Amino acid sequence: KLLGMPQTPRQILRASPEETPRDANPANVGLELFGYVGIEAVLDQMRIKTMKTGFEFNLMVVGQSGLGKSTMVNTLFKSKVSQKPTGPDYEERIPKTVQLQSVTHVIEEKGVKMKLTVTDTPGFGDQINNENCWDPIIKYINEQYEKYLREEILISRKRKIPDTRVHSCVYFVPPTGHWLRPLDLEFMRRLSKIVNVVPVIAKADTLTLEERAEFKKRIQKDLKAHGISVYPQEDFDDNSDDRILNNKIRDKIPFAVVGADKEHQVNGKRVLGRKTKWGIIEVENPAHCEFPLLRDLLIRSHLQDLKDITHNVHYESYRVQRLNESNLLVLSPINGLLGKDEVESNL
Amino acid sequence: MASSEVARQLQNDNCRPLSLSGHVGFDSLPDQLVNKSINQGFCFNILCIGETGIGKSTLIDTLFNTSFDDRVSTHFQPNVRLRAQTYELQESNVRLKLTIVNTVGFGDQINKEDSYQPIVDYIDAQFEAYLQEELKIKRSLYNYHDTRIHVCLYFISPTGHSLKTLDLLTMKNLDSKVNIIPVIAKADTISKTELQKFKIKLMSELVNNGVQIYQFPTDDETISKINATMNGHLPFAVVGSMEEMKVGNKMVKARQYPWGIVQVENENHCDFVKLREMLICTNMEDLREQTHARHYELYRRCKLEEMGFRDTGPENKPVSLQETYEAKRHEFFGELQRKEEEMRQMFVQRVKEKEAILKEAERELQAKFEHLKRLHQEERMKLEEKRKLLEDDMIAFNKRKAATELLQAQAFASTPSVSLKKDKDRKNFM
């Protein structure tokens, strides 16, 4: 039988006060049920509850201007999430510094409500001197962690802490076909430590299939050589099933995607695609581009996992780092002794 | 909360609702969440409070359709103890880590004033353990084995009259710390009409005394109707049994009497099925959530305020935890320094004392040494004198010896042969 949680007889024993000696079971006993009890109904209860409270998802898209970030987000969520005017007189103004713009929408599908926040980063990598252009982004991500931390350590805290932490950062790599550029490496190196980074090859319709495969291999080699762990990270595979699934995904990272928000007629069906003189690139056709894989990863299968890793790993490491800094003392337990020791070690 | 309310609430947060033009696929989100939870497993902790022999263990066995622990307790416990056991149950693909906490010796003592205290202490200890884990710097909350009590089944004896004072007292002390579900135990001793009156009496007593028992939630449409009906049947009158008898052509769990068979799962006979429905099938998740969101938060707030942390300062300005921390840190630091000073003073004192003692000892030794030296000197002088005397004697003796020899030598020189002859004659004569 799988024991999903680690043995914690120590914790059981520690919890009892001295006045009530307890004969705690040293080993958790696995028992047979003689008949139907109804424990599995808890799954339905959980489902109902989560449908009632709704979900939150915060996505960040990073990449140089013109790589199709806004179109991609619109294609992912099949709606006009990012609104970019597309009139002929419109000139995309590139801001002088990296700015972050967040839009929040509520979308509903089959009774499931989701509050989606998409943060765009216009100006990234567009300047002549792009040094430290990742700093505003890192600052923004850390600010969200800080907000959550402050809410969490309040005395009377809200029943549901609003979660604005960035759950996933999609990084758009320009389809040069050669290697990752220094800017890409620098950015991904820094950010994969604090957030789940999903790299994608943007505008992949400029690469043939062979070029695409070559490019991907080179990118994977580059990432490994620099020790950059992108999502799904190898360290967080829970069990062998997860590992097999994630290995398959890892083979295909980065996904080569094409975004489109116009529909065209193909073989009597209406599909999303880009119409060119030499054919129609169907966005949802796995033979044309890997957009379905990206969508499945981000939304259909790994959304909860993205949120969990953000909460359990990235947020926790931010919290550890923050509480260890000397201007924020750790909250000492009741007898105060532990806190004092930590004070001394921090002095 | 109806779904339109949720949409309105979300709208109030400055976000626009958006319509989708196709299938995106995030309706699989609840399934993703459920799958994750299946992987992690569930945790559920039940506390059973009731007198010895009232049927707690049997009821739990019947509820979960398995036999947990066979140990029967004696009535002679000096005070109330809590005994907790954890079991791993699995039904289809759901793994449940179930902890049953039994009160041993509850209601057996002659003086029952402190009976509820060990229970309150135990519940607080579980909250405390969770709070400490949550406040740690390096914490691992996602695989923390949650031992907080999610539900308390309070067993009321079927007297048919009213609540005992002990019951009231215990429940009043526990209602803000845990979800209480009162059950009438051994309900097969009460007739149907008496049962109705008993239930009404019990509920009115609870309400009059301000005891807040757990109300099944009625805010979700899917379960609100059934929960509302169940709320009207509280407290549940239950009968527990693991023995199976043949009734009709089925084997059912029942208790056999000469006058008939009480079937546990027959809704006409007792409310066991209702209890199982409510406790496990419908509201387990809600019980866990209430424990975490209401009881635990209350405990946490009280505990932190006790320790001196505040959200708002004396002028109602929000005090950041940072400032409180700094203040506490200074306090601790000052305390530390004071203690160090004290110890240093004490050390210096001790050193002085020791030095004085050692000096004293040294002086004594010195005195002794002098004394002995003097004695020694005296001895020596005496011996010197004696030696001198002896030497003088020896010289005198030598002188006399020399003198006598000289005389003898002189005498010998004047009559040397005569004396020889005389000697010889004398010798021959003899």
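Me: What share of the contacts in chain B with a separation of 6 or more comes from residues 24 or more positions apart?
Reply: 67% of them, where a contact means heavy atoms within 4.5 Å. This is a predicted model, so to speak: local features need pLDDT of at least 70, side-chain atom pairs count only at pLDDT 80 or more, and totals for chains, interfaces and linings use all residues. Residues are numbered from 1 along each chain as its sequence is written, chains are lettered from A and ligands numbered from 1 in the order written, and side-chain values use heavy atoms, without hydrogens and water.

Me: OK, how much of chain B is buried?
Reply: 43% of its 430 residues. Buried is under 20% relative accessible area, exposed is over 50%, and partly exposed lies in between (1.4 Å probe, protein chains only).

Me: And B:Val351, where does that sit?
Reply: In helix H10 of chain B, residues 321-414. B:Val351 is partly exposed, at 35% relative accessible area. Helices (H or I, at least four residues) and strands (E, at least two) are DSSP runs numbered from the N terminus.

Me: How do S2 and S5 of chain A pair, parallel or antiparallel?
Reply: Parallel, over four bridges, between residues 55-62 and 168-173. A:Met60 has A:Cys169 in S5(A) as its bridge partner.

Conventions: Two strands pair if DSSP finds at least two bridges between them.
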